[in-house]
Each structure stands twice: as C-alpha cells, then as structure tokens.
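Hi,

Here is the structure I promised to pass on to you.

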Amino acid sequence: MAEQLKILVVEDEEKNVRAVEQAFKYTVDKLKEWDLLDKMKLQNISLEWIRGTDKVTKRGKEYLFYTDQVLDELDKKIAKKTGGRIGILLDVVLTREEQEKCNVNDFSRIELSRKIYDRFERKCKLYLITGLRSFGTLAWGIFEREGLKNRYIPRELVGDYMSCMAISQVLYWLNNGEEISKELLRKIEEKELAE
C-alpha cells in the first residue's frame with residue numbers, strides 16, 4: 001500500500017517555497033486524474049518549509065538564509081516523524097555568504113547544503129533544487145557524489161515552466177529512493193503533452 005510522503009523544504013525564498021507547494025500539489029492532482037498515482041507508489045504528500053533565520057533584503061527580494069542550526073532542526077523533524085516516509089527538497093545555495101560568492105561565479109564556498117546532504121543521506125531521501133544554471137556540471141565539485149547531476153531539478157521547472165514530468169521524478173525519488181521507470185515517465189509525458 002502507498003504511504004504518505006512528507007517533504008521538508010529547505011529553501012531561502014518564500015516565493016520559491018510557494019511555487020514548490022503549488023507545483024507539487026498540481027502534479028499530484030494530475031497524477032490522480034491520470035490514474036498514475038498508484039504507479040508512483042504514492043498516496044499523499046505534505047510539504048513543510050523549514051525557514052531560515054538570517055533575514056536579508058537584497059534588490060527588493062527577501063531571503064531567509066540558513067545557519068548550521070538547520071541541521072538540528074532537521075534532526076528533530078526527522079526524529080518526530082512516525083509512519084510514512086520523509087524526504088528533503090534541498091536548495092543548493094543556503095547562506096548569505098554562499099549567495100554573495102555565487103553572484104561572482106565562485107561556487108567553491110557552497111558548504112551548508114553539502115553538510116545537510118552528508119548528514120541526512122542515510123536517514124532519508126534528498127533531492128536538490130537550484131537556480132544555478134550550470135549545476136549539472138558543478139554537482140561533483142560541490143557535493144563529491146556520483147549521480148547528483150541526475151538528482152536535481154532546475155527551479156524553472158517548478159515555477160515558470162512547470163513540468164509534471166520533472167516533478168514526478170522528484171516525487172518518485174523522494175518516496176521510493178530510486179529513479180522512476182522510463183515506461184511510467186513516458187506515460188506521464190504523454191498525458192502532460194496531451195493537455
């Protein structure tokens with residue numbers, strides 16, 4: 001029987017969190033409508049935003065950046081979870097300092113998301129979300145893990161160009177810990193393109 005999936009969202013901009021919530025709900029609703037939710041081995045999802053505590057406004061945008069305290073908060077949330085599965089949707093750039101460095105194309109200082117990944121990869125499933133356009137080529141240098149170039153979703157596919165197919169890949173990984181089958185992905189793509 002399919003179980004509930006709770007997704008902890010670690011993202012520094014509230015507007016991006018709202019886009020994730022809307023896109024994931026829309027995708028789950030579509031999967032139900034297309035009779036594909038059971039094939040995803042998924043019954044229901046819930047999302048919970050883990051807010052950062054370092055509030056900064058830059059160029060009219062408000063950020064809630066993170067500190068190492070997020071590690072303890074995630075530990076508590078995961079320890080409290082009873083029944084169902086838990087996953088983390090993790091933004092790559094999480095601190096004020098990391099963002100400042102990324103603004104000048106210095107990706108060598110991205111550390112907090114790696115700490116989170118290292119600490120929780122054995123406790124729950126993680127999937128990355130990022131606005132870094134070249135993340136596929138940067139993944140190894142930042143995380144030193146194989147396969148991450150296939151385990152991230154560009155932020156545009158959750159917001160501006162919402163893709164049920166891409167979001168289904170995220171949901172399947174977070175729920176099942178493996179990549180979605182090509183057959184199921186093809187069915188989702190066909191349904192999405194038919195709309």
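In helix α6 (residues 164-176), Cys164, Ala166, Ile167, Ser168, Val170, Leu171, Tyr172, Trp173, Leu174, Asn175 and Asn176 are buried, where buried means under 20% relative accessible area and exposed over 50%, with partly exposed in between (1.4 Å probe, protein chains only). Because eleven of its 13 residues are buried, α6 is largely enclosed by the rest of the structure. Helices (H or I, at least four residues) and strands (E, at least two) are DSSP runs, numbered from the N terminus. The end C-alpha atoms of α6 are 17 Å apart, which agrees with the 18 Å its 13 residues should span; the expected span is 1.5 Å times one less than the number of residues. Just after α6, Gly177 takes a positive phi of about 70°.

Before you go further, please keep in mind that this is a predicted model: local features need pLDDT of at least 70, side-chain atom pairs count only at pLDDT 80 or more, and totals for chains, interfaces and linings use all residues. Residues are numbered from 1 along each chain as its sequence is written, and side-chain values use heavy atoms, with hydrogens and water left out.

In α4 (residues 112-120), the buried residues are Leu112, Ser113, Ile116, Tyr117 and Phe120. Seen down the axis of α4, they fall within an arc of 140°, so they line one face of the helix; the arc is that of the directions from the helix axis to the C-beta atoms. In α7 (residues 182-194), Leu184, Leu185 and Ile188 are buried. They cover an arc of only 100° around the axis, which puts them on the same side of α7. The face turned away from that buried side carries the exposed residues Lys182, Glu190, Leu193 and Ala194.

Now to the cysteines: the structure holds zero disulfides (pairs of cysteine sulfur atoms within 2.5 Å). Cys124 is buried, with a relative accessible area of 6%, and Cys164 is buried too, at 3%.

Which helix gives the most to the lining of the largest pocket? That is α1, with four residues. Lining residues have an atom within 4 Å of a point of the pocket; on a 1 Å grid over the protein atoms alone, a pocket is an open set of points where a 1.4 Å probe fits, with protein on both sides within 12 Å along at least five of seven lines. The lining has 27 residues, and Glu13, Asn16, Lys61, Gly131 and Arg155 lie nearest the centre of the pocket.

Enjoy exploring!
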